[in-house]
Amino acid sequence: MFTIITGAQFGDEGKGKIVDMMASQYDIVARFQGGDNAGHTVVAEGKTYKLHLIPSGVLFDARLLIGPGTVMNPKILMEEIAMLAENGTTVKPDKLGIDAKTSIIMPYHIALDSLRESKRAVKIGTTNRGIGFAYIDKVGRDEIQMADIADRNRFLKRLEEIAPQKEAAIRDLGGDLSIARSGIEEYIEIGKKLKPYITDVSREINLALKEGKKVLAEGAQGSHLDIIHGTQKFVTSSSTVAGSACSALGVGPTKVDKVIGVVKAYITRVGEGPLPTEQKNAVGEHLRGKGGEFGTTTGRPRRCGWFDLPLARKSIDLNGYTGMALTKLDVLTGLDPVKVCTGYELDGKIIDYPPELSDELARCKPVYTELPGWDEDISSRENLRELPENAKEYIGLLEQLMGVGIEYISVGPGRQQTFTN
Ligand code: GDP
Ligand code: IMO
Ligand code: MG
């Protein structure tokens, strides 16, 4: 059984929580794209874990895999392994596998990311983790891979080939040239430690599926941050939609059983780019305050708005969701009315699907349906029946308008604060 979970909005939908909740049922949990720009929060056993690279199934016995479509900063990985060890979870090579071809984020990628962003007249608001520049090198066939840092001679030879063009790129942007050759010994030391973790992710997953095991692919970012289908240029540099899990993990699309879209009961975005339902008012402050909407990776305040159905419709198409997980319903408690954007007005016309171009989306004016809110604290409710009537109505409306079943409802950050619909 092969299940893919992706974010249906602009990231931070609660993927970490949903993956943790499902992980006990799976034999393998694999990250397939992105890097430590991701920040996935798991709240369990009285602790809060902020994971950037290690799959969110880490608290269970599942085998964890980091696939070759990801871009990995080995220093961040080591910090994460140490953080987990301090909290009583050991991540040894029998638990975690890293594909030999995983792209390595080098110090020069991070330097180039911030130099380039500082020069942009219109900023993207990247996480400054070197993600875009690591993917440029992957596509440009100038990447350093996991197998390279695990072998001193191979790494040094590869760097000799690459460093001069990195120096030129840094010089062009007015940066410090020494960054092109910095951190080498530290990477070699980490490479030695990570060598036993190296695996062939595609082979492992395909063998597991043949043995009837269960595999969960954990997406990072969100569908509208997809490099191909997102709100360019305000996107990340990887393909974040479900189909990407197949190509990036090396699993054929015929093997997919379920695709779950994680969606907040409202919407947030961190960084720049259009967000038609953004509320720069007391509603936005309510959502940010009650929802703790501050970036897991950068700490930046997230922009908040009402649920955006046209964007949800598009992500349902992009991913082919078989079911949805609705998170953070508890955050809407205390708002009255509760609004759902069902369409947009663009240049005098009403549309129910996002226009393709970002500048057009930025001009869209939301058309809202209003529902009565509720005041009850729902964070300890254990099933749909226990929810206030108005909350049930809200869920019912979203389900009907999306045309995809809401399988899970989350009413708080903890693992237990979830029930099936
Ligand atoms: P991810 O990137 O999709 O994994 O999401 P993040 O971890 O970046 O952000 C989601 C935040 O919301 C985290 O702080 C979670 O602990 C929290 N969270 C997840 N589900 C719920 C929920 O149903 N209610 C509340 N109040 N918080 C939630
Ligand atoms: P998770 O997995 C929310 C956003 C950044 C920026 C844009 C490009 O936690 O949902 P990048 O550093 O990737 O080049 O930045 O993408 N972004 C995210 N927003 N959640 C994330 O990950 C994100 N990862 C990147 O804020 O706007
Ligand atoms: Mg996040």
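**Ligand sites and backbone**

Ligand 2 sits in the largest pocket. A pocket is an open set of points on a 1 Å grid over the protein atoms alone, where a 1.4 Å probe fits, with protein on both sides within 12 Å along at least five of seven lines; a molecule sits in one if more than half of its atoms lie within 2 Å of its grid points. This is a predicted model, in which local features need pLDDT of at least 70 and side-chain atom pairs count only at pLDDT 80 or more, while totals for chains, interfaces and linings use all residues. Residues are numbered from 1 along each chain as its sequence is written, chains are lettered from A and ligands numbered from 1 in the order in which they are written, and side-chain values use heavy atoms, with hydrogens and water left out.

Q: Which residues come nearest to ligand 2?
A: A residue counts as near if one of its heavy atoms lies within 4 Å of the molecule. There are 20 residues around ligand 2, and the nearest are Lys15, His40, Thr127, Gln221 and Thr236.

Q: What percentage of the accessible area of ligand 2 does the protein cover?
A: Start with the polar contacts (pairs of N or O atoms within 3.5 Å). Oxygen atoms of ligand 2 lie 2.7 Å from a side-chain N or O atom of His40, 2.6 Å from a polar side-chain atom of Thr127 and 2.9 Å from one of Arg300. Of the 550 Å² of accessible area that ligand 2 has on its own (Shrake-Rupley method, 1.4 Å probe), the protein covers 97%.

Q: How many charged residues are in the shell around ligand 1?
A: Here Asp, Glu, Lys and Arg count as charged, Ala, Val, Leu, Ile, Met, Phe, Trp, Tyr, Cys and Pro as nonpolar, and the others, Gly among them, as polar. The 20 residues that surround ligand 1 include Lys15, Gly39, Thr41, Asp330 and Ser410 as the closest. By class, four are nonpolar, nine polar and, to finish, charged: seven.

Q: Which elements give two or more residues to the shell around ligand 1?
A: Ligand 1 takes up the second largest pocket. Helices (H or I, at least four residues) and strands (E, at least two) are DSSP runs, numbered from the N terminus. The elements asked for are α1 (15–23) and β3 (40–44).

Q: Why does ligand 1 lie between two domains, and which are they?
A: Domain bounds come from an automatic or database domain assignment. Both domains give residues to the shell around ligand 1, so it lies between domain 1 (2–99 + 197–259) and domain 3 (262–420).

Q: Where is Glu45, which has a positive phi?
A: Most residues other than glycine have a negative phi. Glu45 is not a glycine, yet has a positive phi of about 50 degrees. Glu45 is in the loop between β3 and β4 (47–51).

Definitions and conventions:
A polar contact is a pair of N or O atoms within 3.5 Å; within protein, one must be able to donate a hydrogen and the other to accept it, and residues adjacent in sequence count only if both atoms are side-chain atoms. On a 1 Å grid over the protein atoms alone, a cavity is a set of points where a 1.4 Å probe fits but cannot get out, and a pocket is an open set with protein on both sides within 12 Å along at least five of seven lines; lining residues have an atom within 4 Å of a point.
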